[in-house]
Amino acid sequence: MEHQFHVTASSKNKKLKGTAATTTSRDTCPDSCILKGKGNGCYAENYPLNTHWNRVDRRERGTGFADYLKSLRALPFGTLVRGQQAGDMPGNGVDTLDFDKCMAVAKAMVAKRKVAWTYCAYLLRKNLDTWKAVLATGFVMNKSCYSLEDVDEAMDAGVPATVLWKSTFKGRNQTTPKGRKVVGCPAQLSDDIACSNCGGNKGPLCARMNRNFAVGFWAHGKAKKRVDARLDEYRGGKA
């Protein structure tokens, strides 16, 4: 079955505040995502986003791939686009991204000088050529990481990175084993900040292609304790 895609032209989510957002069906989510599957803490499984995601999954909402690209291209000049508020980039749902479809998405995302970014949980080493090609279009496809070591691996490869922190992490920043800085998501630190005004004139932190730091996100929502447990499992008990 072909993936299903949806474009929200202006999100009502308080952290997106008018930013465009996309949603892809669950069959895009790779096995390398430690939150994949109900009960593992994925934030998108929480209400109300899960209600929207379920409708996309059931093909009650959204479109196929060709119309998805048309919807992306139709967004106004300079729009901020947050890719995959639920779901992932086109791929086999296991470990491999679809090169051609990822490139088509990337080009549509940045058409008309839109500022677009996303987070991808697919395996880095297996998909590095696809990652590099996507980044070359100007579409910022961040590697979703679950440890500081993962952040270093991604940034060593020239790929922008984000990392998931436990809900109990009290700091606002952290340093990777190789000395790179991880800064906390400004929108999680202040109710006055959303993606639309994050980073001031330089734009959202996650949308900066060549940044020399990673962005950290605290586990949140009703399932945050489950996320904390999954991170402990992944890291072998390391902080």
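Entry 1: The model is a predicted one, in which local features need pLDDT of at least 70 and side-chain atom pairs count only at pLDDT 80 or more, while totals for chains, interfaces and linings use all residues. Residues are numbered from 1 along each chain as its sequence is written, and side-chain values use heavy atoms, with hydrogens and water left out.

I noted that the phi of Gln 84 is near 55 degrees, a positive value in a residue other than glycine. Is Gln 84 buried or exposed? Gln 84 is buried, at a relative accessible area of 4%, buried being under 20%, exposed over 50% and partly exposed in between (1.4 Å probe, protein chains only). Leaving out residues up to four places away in sequence, I listed Thr 22, Thr 24, Tyr 68, Met 89 and Thr 118 as the residues that Gln 84 touches, with contact taken as heavy atoms within 4.5 Å. I also recorded 6.9 Å between the C-alpha atoms of Gln 84 and Ala 21, which are 63 residues apart along the chain.

**Entry 2: other backbone points.** Lys 112 has a phi near 60 degrees, again a positive value in a residue other than glycine, but Lys 112 is partly exposed, with a relative accessible area of 38%, and sits in the loop between α3 and β4. I found a cis peptide bond joining Tyr 47 and Pro 48, with omega about 5 degrees, and placed Pro 48 in the loop between β2 (20-24) and α1 (49-57).

**Entry 3: α3 and α4.** At what angle do α3 and α4 pack? I read an angle of about 20 degrees, with the axes 9 Å apart, for α3 (residues 99-110) and α4 (residues 128-136); axes are lines fitted to C-alpha atoms, for helices over the stretch in contact, and angles run from 0 to 180 degrees between N-to-C directions. That makes α3 roughly parallel to α4, a label for angles under 35 degrees. On the α3 side the contact is made by Phe 99, Cys 102, Met 103 and Ala 106, and on the α4 side by Asp 129, Thr 130, Ala 133 and Val 134.

**Entry 4: cores.** I then turned to the largest nonpolar core, which has 40 residues, those with the most contacts inside it being Leu 97, Val 105, Met 109, Trp 131 and Phe 139; such a core is a set of buried Ala, Val, Leu, Ile, Met, Phe, Trp, Tyr and Cys residues joined through side-chain atoms within 4.5 Å. Among the elements that each supply at least two residues of this core are α2 (65-74), β4 (115-120) and β9 (213-218), and α3 gives the most, with seven residues. Leaving aside neighbours within four places in sequence, I noted that Phe 139 is in contact with residues including Met 89, Ala 106, Met 109, Trp 117 and Val 134. Apart from this core lies another, of 16 residues, among them Leu 16, Ala 21, Ala 207 and Phe 213.

Key: Helices (H or I, at least four residues) and strands (E, at least two) are DSSP runs, numbered from the N terminus. Angles under 35 degrees count as roughly parallel, over 145 as roughly antiparallel, 65 to 115 as roughly perpendicular and the rest as oblique.
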